[in-house]
Each structure stands twice: as C-alpha cells, then as structure tokens.
Amino acid sequence: MRTLITNGTVVTADGSYPADVLIVDERIAGIGVGLAQMANVTVDETIDAAGKYVIPGGIDVHTHMKLPFGGTFAKDDFFTGTRAAAFGGTTSIVDFAVQSKGKSLRDGLDAWHALAEGNAVTDYGFHMIMSDVTDDSLKEMDQLVDEGIPDFKLFTAYPGVFFSDDGAIFRAMQQTAKNGGLIMMHAENGMAIDVIAADTVAAGTTDPIGHGLARYSILEGEATNRVIRLAQSAKVPVYIVHLSAKEALNEVRRARDEGLPAFAETCPQYLFLSLDDLGHGFEGAKFVCSPPLRTEDHQPELWKGLQKDDLQVVSTDHCPFDFHGQKDLGKGDFRKVPNGLPGVEDRLDLLHDGGVVGGKLTKERWVEIVSTAPAKLFGMYPKKGAIAVGSDADLVVYDPNRRHTISAKTHHMAVDYSCYEGRTVQGGSDIVMSRGSVVVRNGEFTGTKGAGKFLKRAPADYARMA
Ligand SMILES: [Zn+2]
C-alpha cells in the first residue's frame, strides 16, 4: 500500500515547510516537494492536504483506561479510549498498569496487556504504577525495563491506596539508577491533605468545592521539591506528572536551573479550567481530579512554563467517570467522588486553539509538546513523534482553520459529560493515520479494533542526557 499526502505544510518540532509525504505500508518512505509529479511515484491513494498541516500523530503519555478507583472503573476501555484519542489526532497512548497492594508487578502488567490486546485501535505502551515497594517488586523493575516498560509511577498522595513513603520512593529511585528506568511522581502531600479534607468535611463543606479547597497548592509545591531532592540524592532523573500549581512549577524551574534532570507535564484542565468549575453544588463533581483545578492565577504561569520548556509535555490524565452513576458516589462527601476527567480526545484541539491560535505557542512548539517531546522522554523517538523517512506513518492531516464546538453529544469518549461543553475551538484532525492505515477520515472511524500494537519502549536515555 502506497499513499501520498500532497500540498500540505509539514509541521515538526524543528520547523515547518511545504512538502509531500510518501507512505509505503506502515512507514514514511519519502518527504519532498513535488513527489506527486515524479514519474516513478505511483500510489494507491492520494490525500490532498492543501491548506492543512501534516503533523506527527499526538502521543498521550498519561491515560487510565479501565482504572479501578473508589469502587468503580474508568469508563473508557482500550477500544473506546484509543478510538476517541484517534478522533482527536492522538495515535499513541501510554497507559498506567497498576500493581495492587500485596500483588506483583507482573500480575498488574499481565492484566493490562489483557485489557489492551485485541482492543486498542492504535499503538499503546504501559508505565507501571508501584503501590508496594518490596525486595521482590524492586527486582521485577529490572525485568520490566527489559520488556519495554521502563517507567514507574509512585505517589506521595492517596494514603492507604497508592501512597508510598519517602523510603519506598527512594528505594525505587535507586533501582532505576541501576536499570536505566524513569520514576514518575504524583507529587502532593497526601498525608496532610487527608487531614485538611477531614477538617473541611467536619466543618460542613461536603460539596466538590471542598476537594479543591483542601488540596492546597503549597502541598503540591512541597511534595514536588521533596521528590526532586530524593531523585537528586539517588542521582536519577524524575518526571512530575500532572503539574497544576505555580508553587510546583517553581520547584521544577529551580531544579532545572541547577542543571538537574527534572521534567514535568501539565494537562489541559489546568490550562483551561479553574477552581470556579468545582463550584455550582454537586455539578462540580464533573471536575474532580487530583491535583485539583486551581485558581485562575496559576494558568499564565503554566503557559510560561510551556514556553520556556520548564514544562515539556501536555498529557491528559484521561480517566473518565460518568456524572450519573459514578461521580455521584461522592454525594454528601467530596472525598468519595471518583477522581478523574475525560480528555484524551480534546488535547490537540484545545492546545491548538488556546496555544497556537491564542498566540501563546508556535505551531512547532505545539507539535513538540503534544508529540515529539513525549516520544523522546518515553523512549519512542524517532519511531513515533517525528516526520522522517523510516518513522512510523502515524500522521495527522490537521485543519488549522476548521472550528467545532466540543460537546458530550458529539464526542467519542464513553462518558456522559464533557468538561468543555459548549466551548468552540479552532483546529481539527481531518485524516488520522496509524502506521499507514487511515483510522479516522473526516469524522468517520475507519480503523480496526485490535490493530494497535504494544509499544516496547527504550530506557530513559533522553531524560539522562537532555
Ligand atoms: Zn493519572
């Protein structure tokens, strides 16, 4: 199968230029001006991308398909979740396999392979959530690095569930110093937050706004500094997930100014939504995630972080729960609202609209944040995240001018509400290819359930040398 994308503007992290892109089977085979006119290029299909961008498919390195949380499960599975991602121009996800307390990493990993295999529409990889650091699970980490799962997420939040104490975190970091892996951290001081949350409920605030009020941003800053200094002591890189607060950003910035290999992502919800959304009585449950949505004054700081590369990635933390039947587990006590928001479908368009159209990011930086940087940091580059000869043909023909209105009525995520209901955005994915196959064409799904393959990823060399 040979496909030619003609007349488009190729946009990469390094620059933009007019060029045709030739795809042979699953890979990019040629890039150049006038490929269409060359006598020796015959193709099965020609896609006209006049007036459009041709970008590497988006890579979302933070999703939770089917995550068990608070007695229920995130709604999207690997079929609906990767299909929704593809509609939004994202062609690879890295999801979090979960080690349950008392179980091995292997048990958790096997369960996630079973969830994804035969279901995913596009390619997928796994990080491993470690909830139980023991001599055995430390040894298992080395094996997982060899199997293409080189990242391990630990939590200073959620005591009694995912929480690890500083000693456990430090031991896991020491292990990655030896095996080449990367530690990802959910950095909030969960012990203190649980005390404040209990006080908040006792004082009579049980609505979801209490979730936002109890999880102080300074306690995200504190935990961020702590895990960065633990990583510095263990002499390893560290990656802060879903950074939401300026106090935390300041700690990452300080570490990077010192030359430490500290990295961080933020998420669209922290750039576009705020504490106000947690109000309006129980409606606020739609916006309950951790860290919580912050006051609006944090947003310009996060944009600045993206501009100056103190934040390298925007991922979604996609973890959808229905408002009716799941979020309402927390009626009368915000601590029982399942934590998580839908978002895997909207990331590229929100960032294009708010970032590129909004004058905060160049289109090249946009591509870097949503595709190229995650590919590099998580061992997928240049197979993914690049438009280069030999790279996988995960490509998006992106219309930078088309406008559409985000709504639960039209989105493809398996969840009954949208956090961005009624918001009109400029920019949309017209044609989405996964390894050379068109999976979305002008709003129609044309992919195949189970066509996605497990991404065996390389150790975190980039994080060690960047
Ligand atoms: Zn998460």
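A charge is taken to sit over a ring if NZ of Lys or CZ of Arg is within 6 Å of the ring centre and within 35 degrees of the ring normal. The legends below describe close-up views of a predicted model.

**View A. The charged end of K449 over the ring of F79.** In this view, the charged end of K449 is placed over the ring of F79, at 5.3 Å from its centre. F79 is buried, its relative accessible area being 17%.

**View B. The aromatic pair of F79 and F445.** The whole structure contains 15 aromatic pairs. In one of them, the ring centres of F79 and F445 are 6.3 Å apart and the planes meet at 70°, so the pair is edge-to-face. F79 belongs to helix 1 (residues 78-87) and F445 to strand 21 (residues 444-445), so this pair ties together parts that lie 366 residues apart in sequence. F445 has a relative accessible area of 26% and is partly exposed, whereas F79, at 17%, is buried.

View C. Distant parts of the chain are linked here, with F272 in helix 9 (residues 268-272) and W303 in helix 10 (residues 299-307), 31 residues apart. F272 and W303 are both buried. K360 lies over the face of W303, 5.1 Å from the ring centre.

**View D. The cluster of F69, F155, Y158 and F162.** These four residues, F69, F155, Y158 and F162, are joined into a cluster by ring pairs.

View E. T316 is located in the loop that runs between strand 17 (313-314) and helix 11 (347-357). Its relative accessibility is 2%, so T316 counts as buried, the cut-off for this class being under 20%. The T316 side chain forms a polar contact with the side chain of D60 at 2.6 Å. The side chain of T316 also reaches the backbone nitrogen of H318, at 3.0 Å. When residues up to four places away in sequence are not counted, T316 touches D60, H62, T63, C267, P268, Q269, G343, V344 and R347.

Conventions:
Residues numbered from 1 in each chain as written. Predicted model: local features only at pLDDT ≥ 70, side-chain atom pairs only at ≥ 80, totals over all residues. Heavy atoms only, no water. Helix = DSSP H or I, 4+ residues; strand = E, 2+ residues; numbered from the N terminus. Buried < 20%, exposed > 50% of the residue type's maximum accessible area, 1.4 Å probe, protein only. Polar contact = N/O pair within 3.5 Å; in protein donor to acceptor, adjacent residues only side chain to side chain. Contact = heavy atoms within 4.5 Å. Phe/Tyr/Trp six-rings, centres within 6.5 Å; stacked < 30°, edge-to-face > 60°.
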